[in-house]
Amino acid sequence: MPDNLLDGLNDKQLQAVTLPHASALILAGAGSGKTRVLTTRIAWLIQNGLVSPNGLLAVTFTNKAAREMLTRLSAMLPINTRGMWIGTFHGLCNRFLRMHNREAGLPTTFQILDTADQLSAIKRVMKLLNVDDEKYPPRQVQSFINNSKEEGLRADRVEVYDRHSEKMREIYAEYDAQCNREGVVDFAELLLRCYEVLARDTALRQHYQERFRYILVDEFQDTNRLQYLWLKLLAGPGNAVFAVGDDDQSIYAFRGARVGNMQDFRADFDVQDVIKLEQNYRSHSNILDAANAIISHNRNRLGKNLWTSEGGGEPIRIYDAYTDQDEANFIVDEVKALHKDGIELSDMALLYRSNAQSRILEHGLFSAGVPYRVYGGLRFFERAEIKHALAYLRLVINPDDDTSILRVINFPTRGVGARSLEQLQEAARAQGGSLWQAALAASGKIAAFVALIKSMQEACTGLPLPEMMDAVTQMSGLRQHYSAEKEGAERIENLDELVNAAIAFMSERDENTLVDFLTYASLEAGEHQADPGRDALQLMTVHAAKGLEFHTVFIGGIEEGLFPHEQSMSEANGLEEERRLMYVAVTRARRRLYLSHAQSRMLHGQIRYNIPSRFLDEIPENLLKRLNARPVAKYQAAYSTQEFAATPRANASNAPWKVGQGVRHAKFGAGVILAYEGGADARVQVNFRDAGTKWLALEYAKLEAL
Ligand code: ATP
Ligand code: MG
């Protein structure tokens with residue numbers, strides 16, 4: 001056993017790693033070694049016989065982080081980490097429910113609805129209840145349900161104060177009933193169900209409380225109410241919870257994360273030790289100073305100082321692009337040049353605030369032949385052909401899964417018309433059963449579908465997973481369907497990739513049943529793209545980058561409206577949350593950081609003109625290197641008249657003002673002209689940095705050109 005586990009830790013880190021058996025909070029800034037301390041503590045506890053690998057539970061934020069933790073642990077200790085309870089909240093709750101499905105009232109083979117499946121299930125419920133989806137947009141209903149669950153509230157406990165919320169509650173109740181009938185659970189349900197079982201079943205709770213004497217939580221600042229309550233239940237009296245977190249990196253408020261959990265934790269768990277780590281080991285000081293400067297503009301902070309013994313390092317590079325295309329070209333060229341200089345692609349990351357920004361970047365990378373991998377976004381397991389195949393596989397183990405039936409009963413087309421489908425749904429409703437139950441009594445095309453699923457079930461019995469994938473994609477007719485499609489080749493490749501995914505899945509872990517595989521597909525979707533062995537540039541949203549680090553980081557689209565996101569302006573504390581996101585983004589970089597913004601970009605089918613983000617102004621100029629400072633005149637020349645003509649309101653050729661031009665208004669401050677209407681009452685639409693978008697009559701608004 002190596003005895004150098006503790007070598008190289010600083011005093012505070014050492015103190016944290018070797019704390020006695022009591023609850024503790026490690027509150028520290030980015031890159032100060034929180035995750036490293038947590039992992040080392042696990043190894044240290046085991047090495048010193050204070051706990052067996054089975055006696056502890058550790059929660060991380062992403063599956064990627066959990067995997068990394070297991071890898072690091074195996075390197076530190078000669079133990080088999082496979083059975084250890086280290087994972088995400090969702091992953092651990094899933095595991096618990098698989099073991100105790102009877103207590104939880106779930107079928108052994110319960111399936112997990114991902115976000116898209118959940119939405120379609122909600123739409124079905126709404127149709128059934130005859131709810132107007134204009135008045136109750138399904139996505140809004142979805143957030144309502146998920147938020148309620150994350151607060152730990154079932155429909156009967158949700159507060160209602162008007163007709164609207166009453167209706168929401170009704171949909172929620174009916175949706176839950178439908179999930180129960182079908183034996184499926186959504187993400188939030190995993191946690192809530194697990195929590196309820198533990199709360200109800202004293203014997204079970206005591207069993208786990210006795211088992212997990214040590215509980216460790218990374219990224220504690222982003223736990224929501226329910227996760228916190230779950231931890232509290234599981235920890236019980238006398239157990240030690242070791243929580244590490246950074247209030248400045250709380251970026252999931254929109255999903256119910258509560259920084260207040262940190263204060264509650266200190267009181268509820270009688271925390272004596274709060275340790276602050278202040279030395280940053282990740283970044284050069286120019287990067288760290290920029291991050292500190294940005295976050296210092298937030299008011300509600302617990303307060304920490306971060307310093308590094310590293311030198312200043314390189315300046316932060318700012319690129320001012322004309323268009324999003326220009327920005328993408330710049331990034332691609334830099335990536336290529338850095339790679340040529342020996343920096344691995346996988347040690348470089350391209351971060352963006354919104355998923356929609358990735359398309360043009362991906363396109364640029366693809367054209368330039370730079371391998372890249374996207375984390376999040378349209379993931380392998382979310383692609384249509386894969387979802388179809390997975391739906392068939394789900395039916396093999398649980399034909400009562402209505403969502404899956406609806407997805408594939410007529411895909412590939414087999415002549416099941418809308419009419420007969422409606423009849424089937426009515427029959428199911430009348431019987432109070434699943435579609436499958438009703439289908440068993442049907443004739444014609446539907447009976448043929450039933451026969452198909454039954455024959456798949458037979459064919460799959462006893463088959464190893466990869467062969468099962470093959471059998472199902474063949475028998476379902478999916479392969480044949482796509483091979484006849486003009487652009488089906490890529491889809492067939494993806495179906496082949498499913499076989500590879502099953503092989504990789506089996507070799508990575510001890511599990512090998514179809515239920516295990518489908519669970520993995522729902523939980524791990526997208527955290528690794530196809531082709532995992534290859535060196536590739538990492539693309540992801542800032543949210544997905546939490547906890548990670550890279551030699552070089554590019555952050556694109558540092559513009560008002562994008563980052564900070566326009567939606568944040570209308571939310572309480574929205575801007576502070578955006579700033580924390582910016583802090584997270586900047587602190588991912590070890591050595592080199594690029595920030596870029598474009599004067600115009602195509603988003604959601606429209607050209608938008610944004611001004612540089614206020615976050616750029618918050619970084620001291622002496623830390624920056626502007627790669628291409630350019631005069632305003634050129635700025636306007638960037639837009640062709642043709643682009644303006646596409647917007648009927650803007651008439652650029654003979655207008656006194658030009659779309660895209662920077663202006664200043666005495667009251668509203670700086671902004672950019674979005675549109676212009678000529679004539680007697682000429683007016684302009686301006687996107688103001690601080691005041692939002694406004695129409696102004698030119699006669700009165702004294703605008704000054706910037
Ligand atoms: P974040 O807030 O971004 O999650 P963190 O606080 O979890 O960051 P880590 O990821 O654990 O920080 O550590 C940041 C980097 O510093 C890692 O590369 C880690 O290996 C390194 N590091 C941490 N402590 C030390 C140390 N005592 N000596 C040398 N390197 C260290
Ligand atoms: Mg960390």
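This is a predicted model: local features need pLDDT of at least 70, side-chain atom pairs count only at pLDDT 80 or more; totals for chains, interfaces and linings use all residues.
Me: Into which domains is the chain divided, and how far apart are the centres of domain 2 and domain 5?
Reply: The division gives domain 1 (11-102 + 191-279), domain 2 (111-182), domain 3 (286-379 + 529-626), domain 4 (383-508) and domain 5 (661-705). Taken over C-alpha atoms, the centres of domain 2 and domain 5 are separated by 42 Å.

Me: Which domains each give at least three residues to the shell around ligand 1?
Reply: The shell around ligand 1 holds 19 residues, and those that come nearest are Gly-33, Lys-34, Thr-35, Arg-36 and Tyr-281. Helix H2 (residues 34-47) supplies the largest share of this shell, with 3 residues. At least three residues are drawn from each of two domains, namely domain 1 (11-102 + 191-279) and domain 3 (286-379 + 529-626).

Me: How many nonpolar, polar and charged residues does the shell around ligand 1 have?
Reply: Among the residues around ligand 1 that come nearest are Gly-33, Lys-34 and Tyr-281. Sorted by class, the whole shell has 4 nonpolar, 10 polar and 5 charged residues.

Me: In the open sheet of 6 strands, which strands stand at the edges?
Reply: This sheet has parallel pairing and the strand order E3-E2-E6-E7-E1-E8. A strand with a single partner has one side left without a neighbour in the sheet, and that is the case for the two strands at the edges, strand E3 (85-87) and E8.

Me: What does the twist of this sheet average from one strand to the next?
Reply: The sheet in question is the open one with the order E3-E2-E6-E7-E1-E8. From one strand to the next, its twist averages 10°.

Me: Why is strand E1 described as largely enclosed by the rest of the structure?
Reply: Strand E1 pairs in the parallel sense with strand E8 (residues 273-277) over 5 bridges, and in the parallel sense with strand E7 (residues 240-245) over 4 bridges. Both of its faces are covered as well, with Ala-24, Ile-26 and Ala-28 buried on one side and Leu-25 and Leu-27 buried on the other. Strand E1 (residues 24-28) is largely enclosed because the number of its residues that are buried is 5 of the 5.

Me: Which residue in E6 is the bridge partner of Leu-57?
Reply: Strand E2 (residues 56-59) and strand E6 (residues 214-217) pair in the parallel sense over 4 bridges. Within E6, the residue that Leu-57 has as its bridge partner is Ile-215.

Me: At about what angle does H11 run to E6?
Reply: Helix H11 (residues 225-235) has several buried residues, including Leu-226, Tyr-228, Trp-230 and Leu-234, and the helix is followed by Gly-236, whose phi is positive, near 60°. The helix lies across E6 and E7, and its direction relative to E6 is about 165°.

Me: Is Leu-350 buried or exposed?
Reply: Leu-350 is found in strand E10 (residues 348-352). Leaving aside residues up to four places away in sequence, Leu-350 touches Ile-331, Leu-361, Leu-537, Gln-538, Leu-539, Phe-554 and Gly-556. A residue counts as buried when 20 or more other C-beta atoms lie within 10 Å of its own; Leu-350 has 27 such atoms, and is therefore buried.

Me: What distance separates the C-alpha atoms of Leu-350 and Thr-552?
Reply: Leu-350 and Thr-552 are 202 residues apart along the chain.

Me: In the open sheet of 5 strands, which residue in E20 stands opposite Arg-683?
Reply: This sheet has antiparallel pairing and the order E20-E19-E18-E17-E21, and its edge strands are strand E20 (692-697) and strand E21 (703-705). Strand E19 (residues 683-688) runs antiparallel to E20 and is joined to it by 6 bridges.

Conventions:
Residues are numbered from 1 along each chain as its sequence is written. Chains are lettered from A and ligands numbered from 1 in the order in which they are written. Two strands pair if DSSP finds at least two bridges between them. A residue is near a molecule or strand if its C-beta atom, placed from the backbone, lies within 6 Å of it. Ala, Val, Leu, Ile, Met, Phe, Trp, Tyr, Cys and Pro count as nonpolar, Asp, Glu, Lys and Arg as charged, and the others, Gly among them, as polar. Domain bounds come from an automatic or database domain assignment. A residue is buried if 20 or more other C-beta atoms lie within 10 Å of its own, exposed if 12 or fewer, and partly exposed in between; C-beta atoms are placed from the backbone. Two residues are in contact if their C-beta atoms, placed from the backbone, lie within 7 Å. Axes are lines fitted to C-alpha atoms, for helices over the stretch in contact, and angles run from 0 to 180 degrees between N-to-C directions.
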